[in-house]
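Colleague: I would like to go through the labels on this model. Take me from each value to its cut-off.

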Amino acid sequence: MSADPHRRSGTASGPAPIPEHKNLTGNNCSLLAGHREQLLWLAREFGRPTIAVTVDAPYDQLVLRNYARPDEQRVPEDFLRTAHRLARDARPLLEAEGFDEIRHYRTGS
């Protein structure tokens, strides 16, 4: 019987550690606390630090950029509005959620 090449090694007590010289990067838009909680848990399971990065773009700038996209790549405006609000509302919660570092960037004006 051969080993499953997609199965990560580890023990019943947890996953195998990631070597110190390796980074674990998760790139996503986690607008809901429950989603971020899962990512924080995963990073802790692997013993990796967590860094939240927020980008504060003015809503009108997002709308203009969205309309500049080809029709098939545009995001519905109601979703864009909701995502912008959720991102703004999540920002003050990140520290209490347990991120090791929070980086905040602002674009445009």
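Modeller: Tyr105 first: its place is in strand β4 (residues 101-106). Strands here are DSSP runs of E of at least two residues, helices are runs of H or I of at least four, and both are numbered from the N terminus. A word on the source: this is a predicted model, where local features need pLDDT of at least 70, side-chain atom pairs count only at pLDDT 80 or more, and totals for chains, interfaces and linings use all residues. Residues are numbered from 1 along each chain as its sequence is written, and side-chain values use heavy atoms, with hydrogens and water left out.

Colleague: Why does Tyr105 count as partly exposed?

Modeller: Buried means under 20% relative accessible area, exposed means over 50%, and partly exposed is in between (1.4 Å probe, protein chains only). Tyr105 has 45% relative accessibility, so it counts as partly exposed.

Colleague: What makes Ile51, Val53, Val55 and Tyr105 a patch?

Modeller: A patch takes residues with over 30% relative accessible area and no salt bridge; nonpolar side chains (Val, Leu, Ile, Met, Phe, Trp, Tyr) are joined within 5 Å, like charges within 9 Å. Ile51, Val53, Val55 and Tyr105 form such a nonpolar patch on the surface, with about 370 Å² of accessible area together. The area comes from the Shrake-Rupley method with a 1.4 Å probe; for residues, only the protein chains shown count as cover. Strand β3 (residues 51-56) gives the largest share, three residues.

Colleague: Why is the contact of Glu97 and Arg36 called a salt bridge?

Modeller: The term needs a side-chain nitrogen of Lys or Arg within 4 Å of a carboxyl oxygen of Asp or Glu. For Glu97 and Arg36 the N to O value is 2.7 Å, a salt bridge. The pair links distant parts of the chain, 61 residues apart: Glu97 is in helix α4 (residues 94-97), Arg36 in helix α1 (residues 33-45).

Colleague: Is Arg36 buried or exposed?

Modeller: Arg36 has a relative accessible area of 5%, so it is buried.

Colleague: What about Glu77 and Arg81?

Modeller: Their closest N and O atoms are 4.0 Å apart, and they form a salt bridge. Both lie in helix α3 (residues 77-90), four residues apart, about one turn of the helix. Glu77 is partly exposed because its relative accessibility is 30%. Arg81 is also partly exposed, at 45%.

Colleague: How many salt bridges does a search of the whole structure find?

Modeller: Eight. Among them, Glu101 pairs with Arg103, with the closest N and O atoms 2.7 Å apart. Asp56, Arg91 and Arg106 are linked in a network of salt bridges.
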